[in-house]
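Please keep the sequence and the model in view while reading.

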Amino acid sequence: MLPENRLEWVEGWGMATGGAGYVFRLRDTSGVAEALEAARSAGVPVVLRGAGCSYGDAALRPESVVLDLSALDRVLAWDPETGIIDVEPGVSLGALWRLVIGDGWWPPVVTGTMEPTIGGMLAMNVHGKNNWRRGTIGDHCLEFDVVLADGGSRRISKENDPDLFHAIIGSFGQLGIITRARLQMKKVHSGLLEVKAVAAPDLESMLLLADEAKEKWEYVVGWIDAFATGKNLGRGQLHLARHLEEGEDPDPAATLDADAQDLPGRLFGVVPKAQMWRLLKPFTNRPGMRLINLAKYLAGSSLGDDKVFRQSLAEFSFLLDYVPNWKNVYLPGGLIQHQSFVPMASAEEVFRNQLEICRECRMPSFLAVLKRHRPDPFLMSHGVDGFSLALDFPVLRGRREELWAMVRELAGAAVAAGGRFYPAKDSALTAGLYRATFTAGRLDRFAELKAQLDPNRTLRTALADRLLYG
Amino acid sequence: MAQHEFKHALVVGASSGIGEALARRLAADGARVALVARRESELRRVMDEINVAGVDRAVAVTHDVRAVEDIPELVQEIARVLGGLDIAIYAAGVMPAVAADEYSTAKDREMVEVNFLGAVAWLNPIAERMARLGRGTIIGIGSVAGDRGRSGNPVYCASKAGFHAYLEALRNRLARVGVRVVTIKPGFVDTAMTRGKEGLFWVISADRAAEIILGKARRGVVTAYVPARWRVVMTIIRSIPSFIFSRLGI
C-alpha cells in the first residue's frame, strides 16, 4: 500500500485537469530510488513533476506516485567567466536568472513565467519569444545526468550520446529523470532591452511583420485580438525586443542588479498586484474580454504604435508573472490552452480558420499569442519553420466536452497543414491527432527507446497515456 | 476543476436494491463504478449487465463488509483501478425478520456489523482520503426506521440511527474541507428487503429512488427523505410523545 499521508490533489497549471497522487518530495537524489521502489511495489507508475507549470496533464496521473523534484534546487557550480552553470532539476528559472544576471549573463531561452524548473523546462524542451533565433532550452544544454526507470544513472551529452541526448530532452519525462543539468548562459551587456511595439491591423500584416522582425530583433511576440472578425481578423500588436549592445547602457552595473529587475509589487504604487486578479474577475466573460481586447488593440494601435522604449529583462520576459495568480480569474473551471505550430506557407490560412472556428463555436480565445519558430533536432520536437498561435480558453460549466471537441477541430486544421503541437500546453488532443504530426520513424524510435530504457512504462503521465500509449 | 464530479464511483452494497440502481445510474451517466458486495454471482450479474455495451464502466469487488481490516487497502486499490474516487455510496444493509418477542443477539450483531460498523469501516478511510484531497461526495443510505425506536426491529432502527448520527458528524467534520456528506432516508422502496412485507405504502422503484438520490446529492442537499413526502410523515412521527408512540405498535 502507498502511504496515505502522501496523497494530495495534483493539478495542471490551468486548473482544469487534476487527480489524486502520492507525492514524494525529494530532498536529495537518493530519494529517487525510494520513490521508484514504492511505485514498483504498489504497481503504479511514476510521474515527474517540477513547478507544475504545464497547462494540462503533463505532470500528473491519477493514483500514481508523483515525484516532485522542485526541492532539488541547488546550484552545483557557476562559472561567471564562461557562463556555464550546473544545476539540480528543481532550480527555478527565476532563481537561475537572479544568480547569473549580476555577472552579465541571462538564460538564452526563457518562458513567459519564471516559475518553471530547469528539469521541467528540459523535459518539455521549452521555447521562448526568441525561438527563431535561439532554438529551445535543449539547444543550450551541454550535458545532463539522468536516472533511468531501473534506478541506473548515466551522464549524457551531445557528444557522448547524441541520440539519447536529443531523445530525453523534450520527451516530457518519459525516458528518464534528469537529476543534474549543465547549461550555457548568454552574455548580456545590460539588464535592459530595447522594445518596440507595432500595431498590426490584420492577420496577414501580423505574420508579415513578425517574419520581417525576426532578422533584426532577438525577441518577437504578437498579441492577437481573437474577438476581431472580418477584415480585422487577426489584428493585434507585436512586441519586438533586442538586448542592448555594449556601451548602449550608461549604467549596466545598476540595470544588471537582480533587485533592479524585480517586478513591482504594486500597480501605480497603490494596488497590491497579488489582488489584481480580483479586479479582472468581473471581466472574465465574453463581453468583458471582448471589451478588454478591443481596448488593448485601440490603445496599442494609437498611443502604442511604433513606440520604442526600454524595459528590464524580467519585465519584458515574464509577462505571465506581472499579475500574480491571474489564472484565478478562470476559476472555478480553470483554463486550457491550445498551441498549434504551423509551417510558414500555411500559417495564415490555418490561423484564420482556427479563429473562425472559435467564433462559430461561440468560444473565442480570451488571450491569443503568436510566435515565430524554427525546427530543432530533438526527437519529440514541436518546432517548425513557421509560426505558433497559442489560444487560451476558459473552461465553463457544462461546456467542457464542447470545448475539448472544438480544440480537436482546431488541431485537425493544423495537422492537415503539417503542423505540430507542444505537450506542455495541451489538455485535449487525441493520440491520433498527436501521432499524425510525426513521421513514423520518429515515433518508432521513441517506442524503441521507451522499451529499452523503461520496458514496464514506470515513467508515465496522464498526457503520455493520452497521446502515446492510449 | 469541479469538486463534486461523479466520474469515479464506489458503491458498497451494489448487488441488489438501491445500491444496484445507483450503480447502474452512475454508469449510465458516464462514471466508472466499483461494485462492492458479498454475493459474487449477483455482483457479476450487475457488472455484466452494466458492461453490456462493451464499455468497461463497472468493476466488481467481492467483499464482506465485516472483514474490516481489508478495507483501507481495498479503497486504495479501487481508486487506482478507477483512476480516482469522486463519490462513495454505502448502501449495504440487512434487515432479518425479527419476531415481536425475539431477542436474537446473532441477528442483532449482524445488523450492527453490516448496517453500522461496515459503514464506518468503509467510510472512515474514504473520508480521510477525501479530506486530504479537499473534494468528494459521500452518500449514506440510511432509513426512515432510524428516526424512531420501533418495537418491531429494535436493532435495525438503532443501527440506522447510529449511521445517521455518524454521517452527520462526518458532514460536520468534512464540510469545511469541501467534502459533501449526504444522508439519505428512504421510505418504502421495492427491493428484496421489503418484498413480501405487508403494510407498505408509497412504494417506489429502486431506480426512481436512485434518480432522486443522485439528484439531491448533485444539488448539495445534506439530508433527504426519499421520496420527499416522507419528510412530512417522519416529522409527525418524530413529534409523537413516547407514551403514545409505545401504544401504536409500530
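Arg171(B) sits in helix H5 of chain B, which covers residues 154-174; helices (H or I, at least four residues) and strands (E, at least two) are DSSP runs, numbered from the N terminus. This is a predicted model, in which local features need pLDDT of at least 70 and side-chain atom pairs count only at pLDDT 80 or more, while totals for chains, interfaces and linings use all residues. Residues are numbered from 1 along each chain as its sequence is written, and chains are lettered from A and ligands numbered from 1 in the order in which they are written.

Arg171(B) is partly exposed because 19 other C-beta atoms lie within 10 Å (20 or more would be buried, 12 or fewer exposed, partly exposed in between, with C-beta atoms placed from the backbone). Leaving aside residues up to four places away in sequence, Arg171(B) touches Val181(B) and Val222(B); contact requires C-beta atoms, placed from the backbone, within 7 Å. Asp101(B) is 70 residues from Arg171(B) in sequence and 37 Å from it in space, C-alpha to C-alpha.

In chain A, five strands make an open antiparallel sheet, ordered S5-S6-S10-S8-S9. Its edge strands, S5 (75-79) and S9 (153-157), each pair on one side only, where pairing takes at least two DSSP bridges between two strands. Strand S8 (residues 141-147) of chain A pairs with S9(A) in the antiparallel sense over five bridges. Asp145(A) stands opposite Arg155(A) in S9(A).

Chain A is divided into domain 1 (4-69 + 453-469), domain 2 (75-187), domain 3 (192-329) and domain 4 (332-437), with bounds from an automatic or database domain assignment. The centres of domain 1 and domain 3 of chain A, taken over C-alpha atoms, are 35 Å apart.

Methods. Contact = placed C-beta atoms within 7 Å.
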